[in-house]
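Work through the exercises below on how two chains meet. Each task is followed by its solution.

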Protein chains: 2
Amino acid sequence: MNEMANPAPDYETALREAGMRITRPRRIILAILSEAGDHPDAMEIFRRAVEIDRGISLSTVYRTMKLLEGIGAIHRHAFEGGPSRFEPAAGDHHDHLIDIDTGDVIEFQSDRIEELQQEIARALGYDIVHHRLELYGRRRRRK
Amino acid sequence: MNEMANPAPDYETALREAGMRITRPRRIILAILSEAGDHPDAMEIFRRAVEIDRGISLSTVYRTMKLLEGIGAIHRHAFEGGPSRFEPAAGDHHDHLIDIDTGDVIEFQSDRIEELQQEIARALGYDIVHHRLELYGRRRRRK
DNA sequence: ATGCAATTGCAAATTGTTTGCAATTGAAGG
DNA sequence: CCTTCAATTGCAAACAATTTGCAATTGCAT
């Protein structure tokens, strides 16, 4: 139960602080990410990047994604039956509802579910490192 | 949370009813599945199968898995960072807690969480077709 | 038994992602 | 600014998981 402003995350600073160089390909990819309202996959990011600089390679997209994931700047989601999709890590934690017809991703959050997960893990003798909760659904036909 | 007896499912009958032939490779794979207490991946099933009949091919394992999945006899789980793993569909619905150190899979079930998922989807205008809830954790060190 | 479509094994194709390598380039220091 | 050099890039090839084409084999309904 919360709103989620998306304060275009300052990737460049984050990268600098992690000791990495700001290159042209990276700058372009970062721009694409901060503008993305959806959850694009590597190929889609690549397509958008090529439109800005024809020289960019898919490998660089993948490498940059891994890098950003490594410093915690983005999250990678391996939804069912498709390539990994990415989203800026800015904002609160949330889970995903995937529209199985369109591929659209809707974010949601439930403190109650998180609590229950903790309880369950604890009861089984585990500490949760992370979790994955994805609902795959179809838009309800309102008639 | 609950325990789960595993009443060796009658795959052969299920296959017959689906109009499929009972071949030697299939019989072997089915036997492996009904004996499996774990959640083996295709390669592991293949290894176990080869031990019974050296002639079996990995493609056949994959094809048979897809078939069984199709008739709802098994479930496929694509846990993070590894190949798909399979389990007999017999027994109640449950979710999974994956031990990130050992790969062990622990099954659990929470009606409350299922309810909350329904509520959430409904509130967003969706019907849930299926869902995926996986907890990735580490055994708590008891001191 | 017989016949034929279903199934198999094998190799090659696909998909998503990673990697080796030689060429390029950011950025720190003079 | 100019040099220097490791970090980064593009490209092609390598990879891992899974699927597929095809010719040979085999269930199983007659």
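**Exercise 1.** Count the residue pairs in polar contact between chain A and chain B, then find the elements involved on the side of chain A.

Step 1. There are 22 residue pairs in polar contact, both residues at pLDDT 80 or more. A polar contact is a pair of N or O atoms within 3.5 Å; within protein, one must be able to donate a hydrogen and the other to accept it, and residues adjacent in sequence count only if both atoms are side-chain atoms.

Step 2. β3 (95-99), β4 (105-108), α5 (111-123) and β5 (126-139) of chain A each give two or more residues to the side that touches chain B. Helices (H or I, at least four residues) and strands (E, at least two) are DSSP runs, numbered from the N terminus.

Step 3. β5(A) gives the largest share, 14 residues.

The model is predicted: local features need pLDDT of at least 70, side-chain atom pairs count only at pLDDT 80 or more, and totals for chains, interfaces and linings use all residues. Residues are numbered from 1 along each chain as its sequence is written, chains are lettered from A in the order in which they are written, and side-chain values use heavy atoms, without hydrogens and water.

**Exercise 2.** Find how β5(A) is joined to β5 of chain B.

Step 1. The two strands run antiparallel, joined by 13 bridges. Strands pair if DSSP finds at least two bridges between them.

Step 2. L133(A) has L133(B) as its bridge partner.

**Exercise 3.** Find the salt bridges across the interface.

Step 1. The rule (a side-chain nitrogen of Lys or Arg within 4 Å of a carboxyl oxygen of Asp or Glu) finds four.

Step 2. E134(A) forms a salt bridge with R132(B); their closest N and O atoms are 3.0 Å apart.
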